[in-house]
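Visitor: I am new to this structure and would like to learn how to read it. Please show me one feature at a time.

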Amino acid sequence: MTMKRTEALTIKEIMDQYLRSRNMEDKLFERKALDVWPVIVGNAINRNTVERKVENGVMMVRITSAAMRSELQMCRSTLIRSINEAIGKDVISDIRFI
């Protein structure tokens, strides 16, 4: 016997349930992490970013400037924390600059 809900679900709740049921929630958060990259790093760094992707919680970012790549490597943990805070979930565990 199933219980009837007395309250209507919001579209967000429906989408969240759907994504969880299809094991797609992590992929959505990984996509959000990619989307917030320009906001977190700013225009100058984003202009030097030619590729970014996330695989199993590891964000890989291709940066055209070797000097910028080195500097970003030094503040990697701050970037990880900022990205995860911006998306509201600890999805990114590491960033690799290539």
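Visitor: Which residues is threonine 49 in contact with, leaving aside its neighbours within four places in sequence?

Guide: Contact here is a matter of heavy atoms within 4.5 Å. In this predicted model, threonine 49 is in contact with Trp37, Val61, Arg62 and Ile63 once those neighbours are left aside. Threonine 49 belongs to strand S1, which covers residues 49–55.

Visitor: Is threonine 49 buried or exposed?

Guide: A residue counts as buried when its relative accessible area is under 20%. Threonine 49 has 11%, so it is buried.

Visitor: Which polar contact does the side chain of threonine 49 make with another side chain?

Guide: The partner is the side chain of tryptophan 37, at 3.2 Å. A polar atom of the threonine 49 side chain also lies 3.0 Å from the backbone oxygen of isoleucine 45.

Visitor: Isoleucine 63 was on the contact list of threonine 49. Where is isoleucine 63 placed?

Guide: Isoleucine 63 is in strand S2. Its relative accessible area is 2%, so isoleucine 63 is buried. Not counting residues up to four places away in sequence, isoleucine 63 touches Trp37, Asn48, Thr49, Met68, Arg69, Leu72, Phe97 and Ile98. Sequence distance and spatial distance can be read side by side: isoleucine 63 and asparagine 46 are 17 residues apart in sequence, and their C-alpha atoms are 8.6 Å apart in space.

Visitor: What lies in the loop between S1 and S2?

Guide: Asparagine 56 is found there. Most residues other than glycine have a negative phi. Asparagine 56 is not a glycine, yet has a positive phi of about 50°. With a relative accessible area of 74%, asparagine 56 is exposed.

Visitor: Tryptophan 37 is one of the buried residues of H2. How should the span of helix H2 be read?

Guide: Compare an expected span with the distance between the end C-alpha atoms. Helix H2 has 17 residues, 25–41, so at 1.5 Å a residue it should span 24 Å; its end C-alpha atoms are 24 Å apart, which agrees.

Visitor: Where does the kink in H2 lie?

Guide: The kink is at aspartate 35, shortly before proline 38, and is about 35°. Aspartate 35 has a relative accessible area of 43% and is therefore partly exposed. Its C-alpha atom is separated by 15 Å from that of glutamate 25, ten residues apart along the chain. Just after H2, glycine 42 takes a positive phi of about 90°.

Visitor: Which residues of H2 are buried, and what covers them?

Guide: The buried ones are Phe29, Glu30, Ala33, Leu34, Val36, Trp37 and Val41. Their cover includes helix H3 (43–47), S1, S2 (58–63), helix H5 (76–87) and strand S3 (94–97).

Visitor: How many helices and strands does the chain have?

Guide: There are five helices and three strands, and from the N terminus their order is α-α-α-β-β-α-α-β.

Visitor: What is the radius of gyration of the chain, beside that of a compact globule of 98 residues?

Guide: The chain has 17 Å, whereas such a globule would be near 13 Å. The C-alpha trace spans about 65 × 25 × 20 Å along its principal axes. Buried residues make up 30% of the 98 residues. Among contacts between residues at least 6 apart in sequence, 54% join residues at least 24 apart. The accessible surface comes to about 7000 Å², and 52% of that belongs to carbon and sulfur atoms.

How values were computed
Residues are numbered from 1 along each chain as its sequence is written. This is a predicted model: local features need pLDDT of at least 70, side-chain atom pairs count only at pLDDT 80 or more; totals for chains, interfaces and linings use all residues. Side-chain values use heavy atoms; hydrogens and water are left out. Helices (H or I, at least four residues) and strands (E, at least two) are DSSP runs, numbered from the N terminus. Buried means under 20% relative accessible area, exposed over 50%, partly exposed in between (1.4 Å probe, protein chains only). A polar contact is a pair of N or O atoms within 3.5 Å; within protein, one must be able to donate a hydrogen and the other to accept it, and residues adjacent in sequence count only if both atoms are side-chain atoms. The expected span of a helix is 1.5 Å times one less than its number of residues. The bend at a residue is the angle between axes fitted to the seven residues ending there and the seven starting there. The radius of gyration is taken over C-alpha atoms; the globule rule is 2.2 Å times the number of residues to the power 0.38. Accessible areas come from the Shrake-Rupley method with a 1.4 Å probe; for residues, only the protein chains shown count as cover.
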